[in-house]
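Here's a quick tour of one chain, from the overall fold down to a few side chains. Have a look at the model first, then read on.

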Amino acid sequence: MKFSSLPNGCEGWEVVSQETHFANAHLAVATEEVKSPRRPEGQAWTVVHRKAAVIIAPLTVEGRLILIRQERIAIRAEIWEVPAGQIDEETGNARAAIEAVALREMREETGYELGRDGELIPLGYFFSSPGFTDEHGYFFLARGVRPAAAGDAHEESETILECRAFEMTEVARKIAANEIRDANTLGLWARLVALGLVTF
């Protein structure tokens, strides 16, 4: 199974051997013997390889953040989060291709698209849980979004229950109250605040 390549690489790392225990269209679980600059003798580690993802903060002209409430089977809960999705096609690190996926995922999950004067702003990438997976996500701010004429287009596997525009103060309150608790939304919110792109 071919997964997206990491967005960066460091000198002195070498995979000596790899044994795949499980693989499907979305992830692979493998034990790998890896040499690193600090461990040239090598070390065995179980790694989950996963496709890269896009994580989008859709912001309306009025400055409200669009969130979706989605049923998440793994945690047996319904949670508010920003739209996101895996990059299914092989893009390497091609910026235009990744941006196209971000715009498509936003429209499919929220029913919003960039307005006439809207812009999609890349905000870098992050690793969701680097202790066991190489999964990484590309952050985007979609500024100046509006409802799309065609509406949303959820996939069958998704259970998106609601989509709403929130004032920034309400998002901050939900985060403080632990009502928003997924890594994608928390990480993107931290990046937006650190860059001064949202105020509340």
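The chain has 3 helices and 10 strands, where helices (H or I, at least four residues) and strands (E, at least two) are DSSP runs numbered from the N terminus. Going along the sequence, the order is β-β-β-β-β-β-β-α-β-β-β-α-α. The radius of gyration is 18 Å, close to the 16 Å that the globule rule gives for 200 residues, so the chain is as compact as a globular protein of that length. That radius is taken over C-alpha atoms, and the rule is 2.2 Å times the number of residues to the power 0.38.

A word on the ground rules: this is a predicted model, with local features needing pLDDT of at least 70 and side-chain atom pairs counting only at pLDDT 80 or more, while totals for chains, interfaces and linings use all residues. Residues are numbered from 1 along each chain as its sequence is written, and side-chain values use heavy atoms, with hydrogens and water left out.

Along the principal axes, the C-alpha atoms fill a box of roughly 55 × 35 × 35 Å. Of the contacts in the chain with a separation of 6 or more, 62% are between residues 24 or more positions apart; contact here means heavy atoms within 4.5 Å. Buried residues make up 40% of the 200, with buried meaning under 20% relative accessible area, exposed over 50% and partly exposed in between (1.4 Å probe, protein chains only).

Now for the rings. There are 4 aromatic pairs, counted when ring centres of Phe, Tyr or Trp (its six-membered ring) lie within 6.5 Å; planes under 30 degrees apart are stacked, over 60 edge-to-face and the rest tilted. Trp 80 and Phe 166 have ring centres 4.9 Å apart and planes at 80°, so this pair is edge-to-face. The pair links distant parts of the chain, with the two residues 86 apart: Trp 80 is in strand S6 (residues 77-81) and Phe 166 in strand S10 (residues 160-166). Elsewhere, ring pairs join Tyr 125, Phe 127 and Tyr 138 into a cluster.

Here's how accessible three of the residues in this report are:

| Residue | Relative accessible area | Class |
|---|---|---|
| Trp 80 | 10% | buried |
| Phe 166 | 0% | buried |
| His 154 | 30% | partly exposed |

What about His 154? This residue is in the loop between strand S9 (136-147) and S10. Leaving aside neighbours within four places in sequence, His 154 is in contact with Glu 108, Glu 109 and Ile 160. His 154 and Gln 70 are 84 residues apart in sequence and 11 Å apart in space, C-alpha to C-alpha.
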